[in-house]
Amino acid sequence: MPPLRFLIRGACAAPHKEKLYRGGEDAFFLSHFGLGVADGVGGWADAGINPAVYARKLMSSALSAITGTTNAALSPAVKTALHALSTAYAEAHKARLQGSCTAALCLVNDDRKALDFVHVGDCGIVVMRAGAVVYRSKEQQEQFNFPLQLGTQSPTTPDHGERYTLVPAQPYDLVLLGSDGLFDNLFDDHIEKEMQLASKGSPASIVDCSKLATQLVVKAYEHSQDPRKLSPFSAKAAEHGLRYQGGKPDDITAVIGQLFEGTEKGLAEAIQIQERSVGQLKDGAFRFGGSSNIAIMEDFFPEKVSSTLRQSKL
């Protein structure tokens with residue numbers, strides 16, 4: 001059986017409008033080997049530190065750990081998502097960066113024909129197969145709205161993260177990673193419905209991952225700006241005896257990939273695309289500027305010979 005790869009993948013990110021000038025504080029990467037997202041802890045801005053820097057370093061280092069020293073590798077350079085996150089965490093510590101973030105990673109495991117996951121804090125993961133959710137991560141919180149985080153002054157390490165392995169992974173499995181801005185503004189049943197619609201009710205349907213990521217982020221952004229909206233965040237606040245009304249303004253990121261069997265030709269073409277995308281994703285996140293406040297990574301189809309990064313307004 002040919003190895004499984006994320007031969008179609010896409011992402012969309014909308015920074016909080018007050019953080020737009022620095023591109024928000026979320027970071028992410030996409031690879032045919034795996035996906036990642038991180039959410040920089042905004043409180044560091046009060047100390048004059050850009051919260052995005054740590055998150056971007058973590059994601060760029062995780063991507064490097066997965067792809068190895070060459071972008072032409074035919075297999076991931078590490079076996080587990082935890083290994084990739086631990087390597088990235090060590091690199092951030094070595095660089096003596098100030099800051100912290102939550103994170104979620106997904107990696108294909110060729111030896112086990114599996115998908116391997118790890119997450120720390122409240123970045124979320126959803127895996128759908130044949131229209132049904134087969135895995136949904138659980139938030140890791142010290143207390144309400146205080147998630148576990150990696151970085152400076154935090155005792156949490158990648159080993160404290162929630163780990164999960166989906167065995168066996170299957171072609172057409174659809175994987176969503178998102179920052180808490182997505183899951184604080186969209187209920188799980190809304191996300192599940194959108195993923196089902198994108199799959200067209202077929203277990204072997206090719207999903208437009210970029211379109212789906214954009215739809216989810218745009219809807220979450222709309223909810224985040226509605227002071228009267230019943231949101232997951234307001235519902236959780238009520239469960240903790242707190243009064244909060246409306247959506248939760250925040251950076252919002254969705255990263256989506258779909259698995260396919262990697263034929264020799266398909267893998268070769270996907271690697272060419274990966275080489276191009278790594279150049280754009282060196283910092284682990286897209287940069288934003290001007291009047292645009294949403295960035296979209298185009299889908300990567302094996303037959304494509306190029307991909308583009310385009311920006312559009314909400």
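Helices here are DSSP runs of H or I with at least four residues, numbered from the N terminus. The model is a predicted one.

Start with V78, in the loop between helix 1 and helix 2 (81–94). Is V78 buried or exposed? V78 has a relative accessible area of 7%, so it counts as buried, the cut-off being under 20%. Now show what surrounds V78: leaving out residues up to four places away in sequence, it touches A65, I66, H83, A84 and L107. Then select V108, which lies 30 residues from V78 along the chain; the C-alpha atoms of the two are separated by 9.7 Å.

Next, select L58, L105, L115, F117, V175 and L177. Of the 50 residues in the largest nonpolar core, these touch the most other members. Helix 1 (residues 51–67) gives the most to this core, with eight residues.

Stay on F117 and display its contacts. Beyond its neighbours within four places in sequence, F117 is in contact with A81, L105, C106, I125, V127, Y135, E162, R163, Y164, L166 and V175. A second, separate core has 26 residues, including M128, I191, A213 and I256.

Finish on helix 5 (residues 209–224). How far apart are its end C-alpha atoms? They are 22 Å apart, which agrees with the 22 Å that 16 residues should span at 1.5 Å a residue. Colour the buried residues of helix 5: C209, S210, L212, A213, T214, L216, V217, A220, Y221, H223 and S224. One of these, A213, belongs to the second core.

Methods:
Residues numbered from 1 in each chain as written. Predicted model: local features only at pLDDT ≥ 70, side-chain atom pairs only at ≥ 80, totals over all residues. Heavy atoms only, no water. Helix = DSSP H or I, 4+ residues; strand = E, 2+ residues; numbered from the N terminus. Expected span 1.5 Å × (residues − 1). Buried < 20%, exposed > 50% of the residue type's maximum accessible area, 1.4 Å probe, protein only. Core = buried A, V, L, I, M, F, W, Y, C linked by side-chain atoms within 4.5 Å. Contact = heavy atoms within 4.5 Å.
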